[in-house]
Amino acid sequence: MRIHTVSPSDSFSDPGREYRASEPGVPLRCCLRKSLEAEPVWLFRYSPSSGKGPYAEVGPVFTHVDCPEAPSLDRLPVELLNNPRILRSYNAAGQIVDGEVAEPGSFDRAIAGLLNNPAIESVQVRSVSHGCFFFAVTRA
Ligand SMILES: [Zn+2]
């Protein structure tokens with residue numbers, strides 16, 4: 001599988017982006033871990049590319065201002081998968097195929113199972129409580 005993150009430079013497409021000098025504990029979509037004390041972050045509106053047309057959604061995401069590390073793009077990020085997450089799958093036309101809740105410990109199996117379905121092009125991982133987009137997964 002291949003993980004798709006959000007670049008801090010994506011924040012520049014949102015003129016309403018907010019700079020936070022310190023916002024510890026928020027899920028960072030650039031390096032797929034929680035923010036630390038005194039790490040400057042952007043909070044901005046982002047539309048994941050897997051949803052298209054009426055299925056294109058915009059929601060809030062955090063990234064570093066200057067991301068200090070590159071995440072592994074071929075393994076699921078452990079730090080953001082310690083709670084149940086929504087797995088929302090999309091077809092090549094950008095329409096929602098299905099949605100389900102996955103529990104910690106079952107993400108690899110659940111995502112691999114979804115990507116074994118030829119009708120599914122990508123899977124978005126989202127928070128259960130807020131519905132916020134975390135990252136997307138496609139076949140390698
Ligand atoms: Zn980062």
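Mentor: In this predicted model, the centres of domain 1 and domain 2, taken over C-alpha atoms, are separated by 18 Å. According to the domain assignment, domain 1 covers 2-64 and domain 2 covers 78-138. Where they meet, 19 residues of domain 1 are in contact with 17 residues of domain 2. On the side of domain 1 that touches domain 2, the elements that give two or more residues are strand 1 (2-4), strand 4 (33-34) and strand 6 (59-64).

The largest nonpolar core has 23 residues. Two or more residues of this core come from each of strand 5 (41-46), strand 6, helix 1 (107-115), strand 9 (122-127) and strand 10 (133-138). Of these elements, strand 10 gives the most, with five residues. Because domain 1 and domain 2 both give residues to this core, it lies between them. In general, nonpolar side chains tend to be buried together in soluble globular proteins.

Within the core, the residues with the most contacts are Val61, Leu87, Ile111, Val123 and Val125. Apart from its neighbours within four places in sequence, Val123 is in contact with Leu87, Arg88 and Ser89, with Ile111, Leu114 and Leu115, and with Ala136 and Val137.

Notes
Residues are numbered from 1 along each chain as its sequence is written. This is a predicted model: local features need pLDDT of at least 70, side-chain atom pairs count only at pLDDT 80 or more; totals for chains, interfaces and linings use all residues. Domain bounds come from an automatic or database domain assignment. Two residues are in contact if their C-beta atoms, placed from the backbone, lie within 7 Å. Helices (H or I, at least four residues) and strands (E, at least two) are DSSP runs, numbered from the N terminus. A nonpolar core is a set of buried Ala, Val, Leu, Ile, Met, Phe, Trp, Tyr and Cys residues joined through C-beta atoms within 7 Å. A residue is buried if 20 or more other C-beta atoms lie within 10 Å of its own, exposed if 12 or fewer, and partly exposed in between; C-beta atoms are placed from the backbone.
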